[in-house]
Amino acid sequence: RRRIVSHELPPGAPLREQRLATEFGVSRARIRDTFGILEERGLIERTPNRGAIVARLQPDKISELFEVREVLEAQMVRLATEKAPAGTWDELIELFGPTMGETLARNDFRAYEDAIHRFRRRCMEEADNEVLCDLMDSLYDRARVLIRRLVLVPGRAQEGMLQHRDILASMRAGEAEKAERLKRDNIRSAREWFQTYQSYLL
């Protein structure tokens, strides 16, 4: 899962049962079970008698992914804002502060991607909703592949950074509805960037 999401295994890469079984020291049956989970998450594709490959992102599926993310991530932000105690967001506000701007100016996009991941994780913890967290985890593997590509588009990471500053400011102020709206705007913006640069990202 980690290798697929990080693009260590790129789309179309073959996955060999025996090779993985040997590497991890488990049975091929265990590998097949794992393939089933990865397939359910949309990370791999299996074809009878041909084996498994890392799934390719399809434009129609990506559009659907953005639609669902907009709803779920905005709701997550709202719940987290409503439930989190005072001071919860200070660390993340600092993380997305001036130092992040300097980091992006050096084209260190890994740091920004990690910051987005930390923001999401903290929101999930504070939202304290098991059903929502399960749904988010299922979606995020595929979303993270897309996020990794989008942040490389010139200007997108800088815009996303500013959007998250606004979201976090609203969260710290306890403005749940505003934070929810801003998170929706953030996802819609990412979708527009993807549509503009789709031919370069797929």
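This is a predicted model: local features need pLDDT of at least 70, side-chain atom pairs count only at pLDDT 80 or more; totals for chains, interfaces and linings use all residues.
Local features were considered at pLDDT of at least 70 and side-chain atom pairs at pLDDT 80 or more, whereas totals for chains, interfaces and linings use all residues. Residues are numbered from 1 along each chain as its sequence is written, and side-chain values use heavy atoms, with hydrogens and water left out.

Four aromatic pairs are present in the structure; rings of Phe, Tyr and Trp (its six-membered ring) pair if their centres lie within 6.5 Å, and planes under 30 degrees apart count as stacked, over 60 as edge-to-face and the rest as tilted. The pair of F66 and F194 is tilted, because the ring centres are 6.0 Å apart and the planes stand at 45°. This pair links distant parts of the chain, with F66 in helix α4 (residues 59-83) and F194 in helix α10 (residues 176-201), 128 residues apart. Helices (H or I, at least four residues) and strands (E, at least two) are DSSP runs, numbered from the N terminus. Both partners are buried, F66 at a relative accessible area of 2% and F194 at 3%; buried means under 20% relative accessible area, exposed over 50%, and partly exposed in between (1.4 Å probe, protein chains only).

A stacked aromatic pair is formed by W193 and Y197, at 5.9 Å centre to centre and 25° between the planes. These two residues both lie in helix α10, four residues apart, or about one turn of the helix. W193 is buried at 17% relative accessibility, whereas Y197 is partly exposed at 31%. F96, Y112 and F119 form one aromatic cluster.

Side chains of opposite charge can pair when their charged atoms come close. With a salt bridge defined as a side-chain nitrogen of Lys or Arg within 4 Å of a carboxyl oxygen of Asp or Glu, the count comes to 23. Among them is the bridge between R184 and E70, whose closest N and O atoms are 3.0 Å apart. This pair links distant parts of the chain, R184 being in helix α10 and E70 in helix α4, 114 residues apart. R184 is partly exposed, at 26%, and E70 is buried, at 11%. Salt bridges that share partners join R2, R3, E8 and E23 into one network.

The largest pocket has a volume of about 500 Å³. On a 1 Å grid over the protein atoms alone, a pocket is an open set of points where a 1.4 Å probe fits, with protein on both sides within 12 Å along at least five of seven lines; lining residues have an atom within 4 Å of a point. Grid points are joined across faces, edges and corners, and a volume is the space filled by probe spheres set on the points. The lining of the largest pocket comprises 19 residues, of which R1, R3, L20, F24 and L38 lie nearest its centre. Its largest share, six residues, comes from α3. The second largest pocket, of about 390 Å³, is lined by 22 residues, with G42, R56, L57, K61 and R142 nearest its centre. Helix α4 gives the most to this lining, with five residues.
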